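Biologist: Before I rely on any label attached to a model, I would like to see the value behind it and the cut-off it was set against. Could we go through the terms one by one?

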Amino acid sequence: MSAEWNYSKDDRGVGVLTLNRPAARNAIGWDLLEGLLEQVGRCAEDSELRVFVLTASGDKAFCAGADLKERKTYSEAKTRTFVRRIGRLTAEIGRLPMPSIAAINGHAFGGGCELALACDLRVMASGYQIGLTETALAIIPGAGGTQRLPRIVGLAKAKQLIFTAARLSSEQALEIGLVNALGDNAMDLAEDLVAGMLRCGPLALRAAKSAIEAGFDTGLEEGLRIEQTAYQVIIPTADRLEALVAFAEKRAPEFTGR
């Protein structure tokens, strides 16, 4: 852990990773990138982590993308490495086995938007903007944005947004489905989603995410096969049996992730 980011996990199994460079609009420099990669890797291996939340400190920017002041000092070789590693970060976030939520509590541009796109769900505070703005800097989204945005908002809309380096208001982002919910406080919105997820079996959530992700780009028949395989993993679990007993006893189930 460093001054540039912090991570905490509560007794419910909810982990919150917070970017902590508010004076730099939470822009991603080399040290922050390496720290985030290390922490996300630890989260991926945490079998007791039920929900992962990504947010940022301050009230101006969720993340302004790459730290361009720092990048000006990079050699071409180091720039190439940085782009590859930020792409690896978003890929690692996308591969987290538990549900993930981006709580966007400020402007999110470029790589900051790509961090949010890598999460399963996005909630956003009103009054801010979001967008993949890289083409205005004579580059392209290099951390998965050209691939994830079309899958979320559709091909033609994604092309429009990327080709024009558009900065969407939070209301516009909600309208096109880029964010799932909008309100005064992003963490409150995230907590609403977390509360719903915590009522569900943690192994079931992981299995459902796995089935959705693995089946999304396949044909229907293959997708159904993937779904059945994921379901078979859940059948012998103690949580499934606990849900049946709790239903019969008319009480809330007590899931243990086993």
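Biologist: Why is leucine 68 called partly exposed?

Modeller: The relative accessible area of leucine 68 is 41%, and since buried means under 20% and exposed over 50%, with partly exposed in between (1.4 Å probe, protein chains only), leucine 68 is partly exposed. Please keep in mind that this is a predicted model, in which local features need pLDDT of at least 70 and side-chain atom pairs count only at pLDDT 80 or more, while totals for chains, interfaces and linings use all residues. Residues are numbered from 1 along each chain as its sequence is written, and side-chain values use heavy atoms, with hydrogens and water left out.

Biologist: Which residues make the nonpolar surface patch?

Modeller: Leu68, Leu137 and Ile139 make a nonpolar patch of about 260 Å². A patch takes residues with over 30% relative accessible area and no salt bridge, joining nonpolar side chains (Val, Leu, Ile, Met, Phe, Trp, Tyr) within 5 Å and like charges within 9 Å. Leucine 68 itself belongs to helix 2, residues 68-71, where a helix is a DSSP run of H or I of at least four residues and a strand a run of E of at least two, numbered from the N terminus.

Biologist: How do you know that arginine 42 and glutamate 38 meet in a salt bridge?

Modeller: Their N to O distance is 2.7 Å, and a salt bridge asks for a side-chain nitrogen of Lys or Arg within 4 Å of a carboxyl oxygen of Asp or Glu, so the pair qualifies. Both residues lie in helix 1, 4 residues apart, which is about one turn of the helix. Arginine 42, at 39%, is partly exposed, as is glutamate 38, at 47%.

Biologist: How many salt bridges does a search of the whole structure find, and which parts of the chain does the one between lysine 209 and aspartate 120 link?

Modeller: The search finds 14 salt bridges. In the one you name, the closest N and O atoms of lysine 209 and aspartate 120 are 2.8 Å apart; the pair links distant parts of the chain, with lysine 209 in helix 9 (residues 202-215) and aspartate 120 in the loop between helix 4 and strand 7 (121-125), 89 residues apart. Because its relative accessibility is 9%, lysine 209 counts as buried, whereas aspartate 120, at 24%, is partly exposed. Elsewhere, Glu4, Arg21 and Asp67 are linked in a network of salt bridges.

Biologist: What makes strand 4 and strand 9 the edges of their sheet?

Modeller: The sheet is an open one of 4 strands in the order 4-6-8-9, with mixed pairing. Strand 4 (61-63) and strand 9 (168-169) each have a single partner strand, so one side of each is left without a neighbour in the sheet. In strand 8, isoleucine 130 stands opposite alanine 108.

Biologist: What makes the phi of alanine 138 worth a remark?

Modeller: Most residues other than glycine have a negative phi. Alanine 138 is not a glycine, yet its phi is positive, about 65°. Alanine 138 sits in the loop between strand 8 (129-131) and helix 5 (145-153), and because its relative accessible area is 73%, alanine 138 is exposed.

Definitions and conventions:
Areas by Shrake-Rupley, 256 points an atom, 1.4 Å probe, with all protein chains shown as cover. Pairing = 2+ DSSP bridges.
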